[in-house]
Amino acid sequence: MKFPMIKWLPTKWLPYGIVLAWILMALGGYAVGHAAIEVQLDKLLALGDVQSWLGYDELGRPVWDRLLMGAQTSLLVAVSVVVFSALIGTTIGVYSAYIGGWTDKVVLKIIDVFLAFPGLLLAIALAAILGPGIENVVFALVTVGWVGYARLARAQTLSLRQREHILAAKAMAVPTHLILFRHLIPLMLAPLGVEATFGIAGAVISEAGLSFLGLGVQAPDASWGSMIREGTRYLLVAPHLVWAPGIALMLVVLGVNLLGDQWRDRLDVKSRPRTV
């Protein structure tokens, strides 16, 4: 006897569960306090106990508490990068495509210039110039992240600006900013939302990569990337220092990507079952 619900539930609700657990871990980071940065010399590289079931790092700090602080850092960076990138990129893309002419040509050339450089390498260069710190990481990732939203918003605007309600609003002399924010942008929120989910996953990976290189969050604050970097020196004697943040990073990126795939499939008209 087959139970299709058993197969359907994990694929549908697993991404939501992972993202919810990530958010709860980030909120739990506020309750950790100084316990995550307190040095305990008697627990160097110790295994798990009642206080920290994931063990302790090379300075005797609880890995679980630092994992919560790392979740807080990744969530803060991801949300900040996606919000600012979406606002900047959507505004530029919509305005340039709606106005057209030389404005659209200049913006398109600027987008092409940014796309000519690998995004992560450009972010590493900017972070190295600006110096380490979470604010500089957000600035560097926003500098390279707005391009995707600008391209998507520009393409959507080019296909929507000839709609009847847009032409009617222009004929009634509605101001341009009202046409953009009331009639155009609401129609493209769905594809921009899907783009934002993948942007969150990319921001989490980029933040961890910059922190792994020493260009992100600095001690005593915690980041999953910096935890992996510090744990690689003790991989043979204390592999839990790498496993814990590595598995957490993998699950978060996997959950966010699966969530974006679900939303994309739901918004795809061609993939919906036909009804007679």
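The chat below goes from the overall fold to the aromatic rings.

Student: What kind of model is this, and how are residues numbered?
Tutor: This is a predicted model, in which local features need pLDDT of at least 70 and side-chain atom pairs count only at pLDDT 80 or more, while totals for chains, interfaces and linings use all residues. Residues are numbered from 1 along each chain as its sequence is written, and side-chain values use heavy atoms, with hydrogens and water left out.

Student: OK. How many helices and strands?
Tutor: The protein has 10 helices and zero strands. Both are DSSP runs numbered from the N terminus: helices are H or I with at least four residues, strands are E with at least two.

Student: What does the C-alpha trace span?
Tutor: About 75 × 60 × 30 Å along the principal axes.

Student: How much of the protein is buried?
Tutor: Buried residues are 42% of the 276 residues. Buried means under 20% relative accessible area, exposed means over 50%, and partly exposed is in between, with a 1.4 Å probe and protein chains only.

Student: And which share of contacts joins residues at least 24 apart?
Tutor: 71%, among contacts between residues at least 6 apart in sequence. A contact means heavy atoms within 4.5 Å.

Student: New topic. How many aromatic pairs are there?
Tutor: Two aromatic pairs. Rings of Phe, Tyr and Trp (its six-membered ring) pair if their centres lie within 6.5 Å; planes under 30 degrees apart count as stacked, over 60 as edge-to-face, and the rest as tilted.

Student: Why is the pair of Trp13 and Tyr16 called tilted?
Tutor: Because the planes of Trp13 and Tyr16 are at 50°, with the ring centres 5.7 Å apart. Both residues lie in helix 1 (residues 4-32), three residues apart, which is about one turn of the helix.

Student: Which residues form the edge-to-face pair?
Tutor: Phe114 and Trp146, at 5.3 Å centre to centre and with 75° between the planes. This pair links distant parts of the chain: Phe114 is in helix 3 (residues 101-116) and Trp146 is in helix 5 (residues 134-160), 32 residues apart.

Student: Where do they stand on accessible area?
Tutor: Phe114 is partly exposed, with a relative accessible area of 26%, whereas Trp146 is buried, at 10%.
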